Amino acid sequence: MTDYEQFRPLMFSIAYRMTGSVSDAEDIVQEAFLRLTRALHEGTVIDTPKAFLATVTTRLAITHLTSARVRRESYVGPWLPEPLVESTEPDPAEHAELSDSLSMAFLVMLESLAPAERAVFLLREVFGYDYDEIAQITGKSEANCRQILARARRRIDERGRPRFSASRAESEEVARRFFAAVEGGDMDGLLQLLAPDVVAVGDGGGKAWALARPLHGQERVARMWTGLVRRGLKEHARTELVWINGQPGAIAYDAAGRVAAVIALDIADGVVQSIRSIVNPDKLAHLGPTSDLALRSPKDLACLTMATDFSEESAADAVIASFASTADPRLRELLGALVKHLHAFVRETEPTIAEWEYAIDFLTRTGQKCDEERQEFILLSDVLGISMLVETINNRTSGGATESTVLGPFHMVASPCRELGDSIDQVGTGPPCVVRGRVLNADGMPVPGAELDVWQASDQGFYDVQQPGVQPRANGRGLFTADADGAFWFRTVVPSHYPIPVDGPVGTLLNATERHPYRPAHIHFIVSAPGYRKLTTHIFVAGSQYIESDAVFAVKKSLITEFTATDDPEQMAQYGLDQPFFLSDFEFILQV
Ligand code: BEZ
Ligand code: FE
């Protein structure tokens, strides 16, 4: 009489590695025993029960996996195997040979293989079966099995096989120090125990709070883990070091001694390479009563989410947490803040579906209005005051330096070089004017040779690029170099106020809000000199219409300049004018 029970460990080994589930593996093993009993009962002659049981187990696992795979694709968040916790000291032989292939990392890697590939790969690489035996077990030809194995190996090698510490004692020591550091809040100690590219993965299965996506990098992982453990300690949770799937780790129990999580570590080169935590209660049930600790919202830990648990309150945190692995910290900050404020806006205003669709359509039309000569998005940013805010933040002035203001969309063609005293106006219909001044540094010393790029609208309120057939090219533009005293002067016409373009969505917005589209009269300047910060600004014509209500919020009091009517013949002669003119004086102060 054969003791069939002796084959149970082998059968479980195969079924568990195939399915990644303790309970499914146990069911499969049970079913295989039943089939053996039935076959014997029917009088079937079975020469080698071991081969029979291995075959039935493998085939049942393939069938199971084929349907389980469908479920796994809809699994919420990362999938990890059901942890296999060693209750007693492991058999060293079993350990040395099989523990690596039992590891979470190995089982997750197997997930990239189709069920039949997985079976062939395991039978050959882990259990050492020959090709003829594998052919019999799987019911495929030997040649086919060889092909399948080659394909499976290729796929596995492409992803890289997991590495483990050779010494169990060393692994255990690193794990002990890891849990001591997190529980003691020893950030420096913890950082030293983590590989630079350490990864933390959580499996909550949509039922418990876990990382929605793998979290990468020493700092982030350390911060997340100390936060998590701090919360656990507040709840009087405790961890107990155990071996999980042949690797060191811990079970976390709540105050009532119920299982809250299983944490498995991959250790290589003396440091933790990955941390996998399983909090999905379905995957912990085989270890005893489960805790509700991980089911409660961890409000203080924004990095944890439950992807299925969408709520108005938690939505922003879930999205922000999804950026947790972003390598560029500035990108992570920008996206996080954007989502925080956008969500707050939506929660505050509660748009209807129709309103949200209108908003999307408005932005679509804004994009469609853009081309080489027109930038409707900048215009939108201008009329919402965002351009000015960004400009002002980036050019905070100190020590009396000249304030900056928006660049605007009309600095699109290069200004022609002109001599001091030249006129930038080539039409001659507007009120003549002279603009003069000096470029100084913060100590009031001249900045000789400073460059002044100037552009303005005509007296009719149009830039040259807006009226191609009407105004000569480069009308209203000039590039001047200040003299040795930092002084500059040029002739022009007094510009007029003008409307920003209103034939696009921005016009629609202004119309709907009964806002006028006008900008007060101004002349644009970019003043630059080696060793100084480039200054982008305007001078505004004092008394101009709309000076109090610029459509793009670009007026700063310090930039408003008198354009004084002058009929003094001596001054007219000085600037080569034969009629009265307006004179404007402005000092630009550059900062380093
Ligand atoms: C401008 O001054 O040229 C301008 C600035 C913002 C929007 C439209 C025009
Ligand atoms: Fe302008």
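Colleague: What is the volume of the largest pocket?
Modeller: The largest pocket holds about 760 Å³, the space filled by probe spheres set on joined grid points. This is a predicted model, where local features need pLDDT of at least 70 and side-chain atom pairs 80 or more, while totals for chains, interfaces and linings use all residues. Residues are numbered from 1 along each chain, and side-chain values use heavy atoms, without hydrogens and water.

Colleague: Which residues line the largest pocket?
Modeller: There are 17, with Leu-338, Leu-342, Phe-345, Leu-363 and Leu-384 closest to its centre. A pocket is an open set of points on a 1 Å grid where a 1.4 Å probe fits, with protein on both sides within 12 Å along at least five of seven lines; lining residues have an atom within 4 Å of a point. Helix H14 (a DSSP run of H or I, at least four residues) gives the most, seven residues.

Colleague: What makes up this lining, by class?
Modeller: It has 14 nonpolar, two polar and one charged residues.

Colleague: Why is the second largest pocket said to lie between domains?
Modeller: Domain 1 (2-80 + 97-159) and domain 2 (81-96 + 163-304) both give residues to its lining, so it lies between them. The bounds come from an automatic or database domain assignment. This pocket has a volume of about 630 Å³ and 23 lining residues, including Asp-266 and Arg-276.

How values were computed:
Chains lettered and ligands numbered in written order. Helix = DSSP H or I, 4+ residues; strand = E, 2+ residues; numbered from the N terminus. Nonpolar A, V, L, I, M, F, W, Y, C, P; charged D, E, K, R; others polar.
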